Amino acid sequence: MEKLVITGGTRLKGEVVISGAKNAAVAILPATLLLNGIYTISNLPNISDVKITCDILQDFGAKITWNSRNEIVIDTREIDGREAPIDKTSKFRASYYMIGAMLGRCGQIEVGLPGGCNLGARPIDQHIKGFEALGAKVDIGQGKISAKAKKLTGTSIYMDVVSVGATINVMIASVLAEGTTTIDNAAKEPHIVDVANFLNTMGADIRGAGTDVIKINGVKELKHEGCYSIVPDQIEAGTFMAAAIATKGDILIKNCIPEHLDCITAKIVEIGGHVEDLGDSIRVWNNKRPNKANIKTLPYPGFPTDMQPQMGVVLSIADGTSIINESIWESRFQYTNELNNMGAHITAQGKTAIVEGVKELLGAPVYASDLRAGAALLIAGIIAKGTTELYNINHIDRGYEQIEEKFRKLGANILRVNE
Ligand code: UD1
């Protein structure tokens, strides 16, 4: 068991380079199963979710070579596995993309139920609805999902809820289907566009990704080789934006796409922070205590739920009382109990949290309940007076590459300690 020991009180200053997007990577890697060929994937974040994804792909028979820390070559010419066991799939949510990809490749797959962050109920009914509409038979039982299809046929699918995972999964499954598939009420997150761009690079014919109607014209075959570089991580960039504001710091965030950050930038400007768009990087700084603000999480281009805990920390030390409304996940306020142990005044009930800003946080032992809660508590430790011990950091390692090194370069005092 490892923990982070953070000595707080630093104003973060300097440059940070953002890694490739976790949520794109964990979809693009399974999508390579559609191929019979060799693909090079670069700007891949070196995080534990990516490593487990690669592990499952290898179980299926893929050959993976790491060219460098952030680039792999994946050879999918000899895929023979059809099952991914629950001890692997339960470690992360995105294991569900194996279903869409293997249905597309060979019409058969069995995976253990997906795991991931504990954010409340995480249904996958929209994924199943999409697969069934394409002609698959899907069964769930004994901790497994199995899906079979003699043939997938394009059709129109209306998503009852805006779902990132279901949109991507159905898009992947439709690439090699016969005819045209239309996904209505599709999610529009940057990583959806990135997965569509990747699939199109492989020879798919997908139009409209990034809007709420996506059309996939089925193709008979994909190219046998190519390379693709993953888009920068919107949420990692947002996490450093929040850290700059919370610590009254000044950070140059490199390798990001500023327009993907508009929803976060708008909130930061509202609370009195400054953001300068420099093309492929942004500078974020702040000299004074943040103002209060209300936040409601929404699908993209709304304020991302995955940034709610990090902004919750910023608002915990704001001047005034803020209200946070979490409209995507039912239990995403677990971090507020930990923040209260550090001196914050947050009352969370159901989907709403009332955050009464305090002047300062105090170091304390705290526990990460999930990935973004972990990132938020790390920021809290950096602004708190005294020492914070942050436990359950395996959650953070799922989605942030070299997080303490990146924060240390900005001046934070963080040690990873083996207990
Ligand atoms: C993805 C992200 C996650 C982020 C979330 C929302 C990945 C690997 N994870 O998760 O970090 O927090 O988007 O931006 O990309 N829903 C249903 N039925 C379904 C699917 C979803 O009712 O079949 C509901 C969910 O309960 C939730 C909402 O739709 O309330 C959004 O979920 P979804 O966008 O699917 O989240 P994930 O793809 O799991």
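The C-alpha centres of domain 1 and domain 2 lie 30 Å apart, where domain 1 comprises 2–19 + 232–418 and domain 2 comprises 22–229, with bounds that come from an automatic or database domain assignment. The model is a predicted one, in which local features need pLDDT of at least 70 and side-chain atom pairs count only at pLDDT 80 or more, whereas totals for chains, interfaces and linings use all residues. Residues are numbered from 1 along each chain as its sequence is written, and side-chain values use heavy atoms, with hydrogens and water left out.

The interface between the domains can be described by contacts and by area. In terms of contact (heavy atoms within 4.5 Å), 24 residues of domain 1 meet 23 residues of domain 2. The two domains bury about 1,900 Å² between them, and 51% of this area is on carbon and sulfur atoms; buried area here is the accessible area (1.4 Å probe) that two parts lose on being put together, summed over both. Of the area that domain 1 buries against domain 2, Trp329, Arg398 and Glu401 supply 36%, more than any other three residues.

The side chains of Glu401 and Arg69 form a salt bridge with an N to O distance of 2.9 Å. Eight residue pairs are in polar contact across the interface of domain 1 and domain 2, with both residues at pLDDT 80 or more; a polar contact is a pair of N or O atoms within 3.5 Å, and within protein one atom must be able to donate a hydrogen and the other to accept it, while residues adjacent in sequence count only if both atoms are side-chain atoms. On the side of domain 1 that touches domain 2, helices α12 and α13 (394–399) each supply at least two residues, and α13 gives the most, with three residues. Helices (H or I, at least four residues) and strands (E, at least two) are DSSP runs, numbered from the N terminus.

Helix α12 covers residues 371–383, and at 1.5 Å a residue its 13 residues should span 18 Å, which agrees with the 19 Å between its end C-alpha atoms; the expected span is 1.5 Å times one less than the number of residues. Because 13 of the 13 residues of α12 are buried, this helix is largely enclosed by the rest of the structure; buried means under 20% relative accessible area, exposed over 50%, and partly exposed in between (1.4 Å probe, protein chains only). The N-terminal end of α12 is capped by Asp370, a side-chain oxygen of which lies 3.2 Å from the backbone nitrogen of Arg372.

Helix α6 (residues 164–174) is mostly covered as well, with ten of its eleven residues buried, among them Asn169, Ile172 and Ala173. At the start of α6, a side-chain oxygen of Ser163 comes within 3.5 Å of the backbone nitrogen of Gly165. Gly100, in helix α4 (residues 97–106), is in contact with Phe131, Asn169, Ile172 and Ala173 when its neighbours within four places in sequence are left aside. Gly100 is itself buried, at a relative accessible area of 0%.

A search of the whole structure finds 25 salt bridges. One of them joins Lys3 to Glu389, with the closest N and O atoms 3.6 Å apart, and this pair links distant parts of the chain, as Lys3 is in strand β1 (residues 2–7) and Glu389 in strand β23 (residues 387–391), 386 residues apart. Lys3 counts as buried at 12% relative accessibility, whereas Glu389 is partly exposed at 26%. Another salt bridge is that of Glu360 with Lys385, where the closest N and O atoms are 3.9 Å apart. Glu360 lies in the loop between β21 (352–356) and β22 (365–367) and Lys385 in the loop between α12 and β23, so this pair ties together parts that are 25 residues apart in sequence. Glu360 is partly exposed at 41% relative accessibility, while Lys385 is exposed at 54%. Beyond such pairs, Glu2, Asp397, Glu404 and Arg416 are linked in a network of salt bridges.

Conventions. Salt bridge = Lys/Arg side-chain N within 4 Å of Asp/Glu carboxyl O.
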